[in-house]
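Please read them with the structure open.

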Amino acid sequence: MPKGVKIVLVITVILFAAAVVAMFVFNRQADRKIVEIVQNGEVIYTLDLTSEKDRSFNIDSPDGGYNTVTISDGTICISDADCPDHTCIKTGVLRSETIPVVCLPHRLVIRFAEEDSQ
Amino acid sequence: MWGCSQQSPVKNASEAHTADLFAMDTYMTLKAYGDNAEKALTSATNRITELEGMLDVTSPSSDVYKLDNANGNALTVSPDTASIIAAGIEYGRLTDGDLDISIYPVLKEWGFTTGEYKVPDKQTIDSLLADVDYSRITVNGDSVTVPEDMQIDLGSLAKGYTSDAVMEIFREEGVKSAIVSLGGNVQAIGKKPDGSDWSVAVVNPFAPDTDMCIVEIDEKAVITSGNYERYFTDDEGNNYWHIIDPKDGCPADNGLVSVTIIGDRGIMCDALSTALFAAGTEKAVSYWQNDKGFDMILVTDEGQIMYTPELSGHFRNASNMPAEVISVA
């Protein structure tokens with residue numbers, strides 16, 4: 001194989017590899033799903049849904065009461081609560097920046113975190 | 001009512017600055033970009049608290065509470081309160097009473113203000129309806145008179161007026177790119193910093209844990225009234241929701257389950273989303289055909305989406321429901 005062809009081949013392979021890595025990194029960033037759980041204005045959990053294990057846990061309200069947060073397949077929702085209206089449960093999984101999951105009676109919010117501030 | 005506000009640290013001009021707070025019985029998030037964003041957010045949260053103090057019908061120090069307990073005497077209120085009431089009267093007139101800021105006693109009777117829900121008997125509703133009539137309220141400058149036997153609440157306008165007020169502060173501070181969500185009532189300044197439109201999700205009224213559609217907007221308010229937002233179910237499985245038809249004092253059931261209004265002013269979008277929900281499909285369509293100063297997305301109780309033609313290209317159906325464009329005439 002002539003030297004020129006070899007060089008072109010090597011460069012092509014390097015460029016290809018770089019493109020694959022770049023795509024991977026880019027996609028990782030685009031897919032990053034950082035969410036915050038906020039109680040009474042204070043961020044009590046910051047979670048990356050792309051790497052969180054499936055699980056449920058309770059968050060107790062300082063005034064009594066609880067909300068059960070469930071993480072499943074990269075989604076997050078409030079699956080149970082003892083608030084009177086259950087609006088937080090009815091909202092379903094967090095899916096939009098303008099529609100956070102909110103439990104007004106317990107002052108609990110699950111929202112997407114600002115990408116920039118991470 | 002008003003719990004707390006939180007602000008992110010200043011970093012650079014292209015970065016998002018956010019604030020969030022509980023106010024007006026809801027959760028609000030504010031996001032602004034640019035040099036003065038942080039200052040604008042502080043002024044905005046202060047302004048929201050100030051407005052809440054004037055408008056909270058349950059707080060004895062508010063203008064609205066004082067008007068409701070003034071025994072029919074004229075009271076001088078803040079210019080904000082006076083102009084919201086004037087707007088309420090105007091939208092009442094424009095929608096032939098489909099918006100009525102004096103429906104409050106009926107809403108209370110159903111328990112929507114306290115969460116102690118009940119289905120009132122017809123006699124009770126009728127006797128309360130006798131004193132529901134926005135046209136008997138008078139506004140003269142900052143002097144407002146609410147008749148003795150009447151009570152008002154500005155819940156159908158307050159958040160829209162508030163998001164307008166926040167936009168005004170942002171503009172004064174030179175903010176070119178910002179979006180706020182006041183309990184799902186969205187309003188934006190300009191476009192995103194990258195020049196693209198803002199994407200606003202609207203909830204599917206038949207499955208509130210999913211989206212009905214995404215609308216792309218810039219420099220607009222997007223406000224939805226839906227029957228899924230606050231409702232209760234009786235022993236027989238009937239649902240009763242919080243948007244009361246001023247004509248009969250019962251939850252408005254005129255063919256619509258969700259009305260989204262997209263327009264330049266939050267207060268208009270807020271007023272019309274409530275009024276046109278109560279009005280029902282036909283009246284909503286003809287109101288738009290005669291006005292055309294806004295866009296709208298209706299969802300009928302039969303699962304049909306209807307949207308105005310200007311939204312074509314900015315509307316993405318995210319549901320299984322068919323969507324059709326409303327004819328211009």
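In what order do the four strands of the open sheet in chain A stand?

1. The order is 2-1-7-6, and the pairing is antiparallel. Strand 2 (42–48) and strand 6 (101–103) of chain A are the edge strands; each has a single partner, so one side of each lacks a neighbour in the sheet. From one strand to the next the twist averages 15°, with axes fitted as lines to C-alpha atoms and angles taken from 0 to 180 degrees between N-to-C directions. Strands count as paired if DSSP finds at least two bridges between them.

2. This is a predicted model, in which local features need pLDDT of at least 70 and side-chain atom pairs count only at pLDDT 80 or more, while totals for chains, interfaces and linings use all residues. Residues are numbered from 1 along each chain as its sequence is written, and chains are lettered from A and ligands numbered from 1 in the order in which they are written.

3. Chain A contains two helices and seven strands, in the order α-β-β-β-β-β-α-β-β from the N terminus. Helices (H or I, at least four residues) and strands (E, at least two) are DSSP runs, numbered from the N terminus. Strand 1 (residues 34–39) and strand 7 (residues 108–112) of chain A run antiparallel and are joined by five bridges; in this pair, Gln39(A) stands opposite Leu108(A).

4. Of the 118 residues of chain A, 20% count as buried. A residue is buried if 20 or more other C-beta atoms lie within 10 Å of its own, exposed if 12 or fewer, and partly exposed in between, with C-beta atoms placed from the backbone.

5. Asp73(A), with phi near 50°, lies in the loop between strand 4 (66–72) and strand 5 (75–81) of chain A and is exposed, with 7 other C-beta atoms within 10 Å. Met24(B), with phi of about 50°, is in the loop between strand 2 and strand 3 of chain B, but counts as buried, with 22 C-beta neighbours inside 10 Å.

6. The largest nonpolar core has 122 residues, and those touching the most other members are Ala32(B), Ile152(B), Phe170(B), Ala178(B), Val215(B) and Ala271(B). Helix 7 (residues 266–279) of chain B gives the most to this core, ten residues. Such a core is a set of buried Ala, Val, Leu, Ile, Met, Phe, Trp, Tyr and Cys residues joined through C-beta atoms within 7 Å.

7. In chain B, eight of the eight residues of strand 14 (residues 256–263) are buried, so this strand is largely enclosed by the rest of the structure. Strand 14 of chain B pairs antiparallel with strand 11 (residues 221–226) over six bridges, and Ser225(B) has Val259(B) as its bridge partner. Strand 14 of chain B also pairs antiparallel with strand 15 (residues 295–300), over six bridges; here Ile261(B) is partnered by Met296(B).

8. Where do the chains meet? On the chain B side, 22 residues are in contact with 20 residues of chain A, contact being C-beta atoms, placed from the backbone, within 7 Å. Strand 10 of chain B gives the largest share of the chain B side, four residues.

Key. Contact = placed C-beta atoms within 7 Å.
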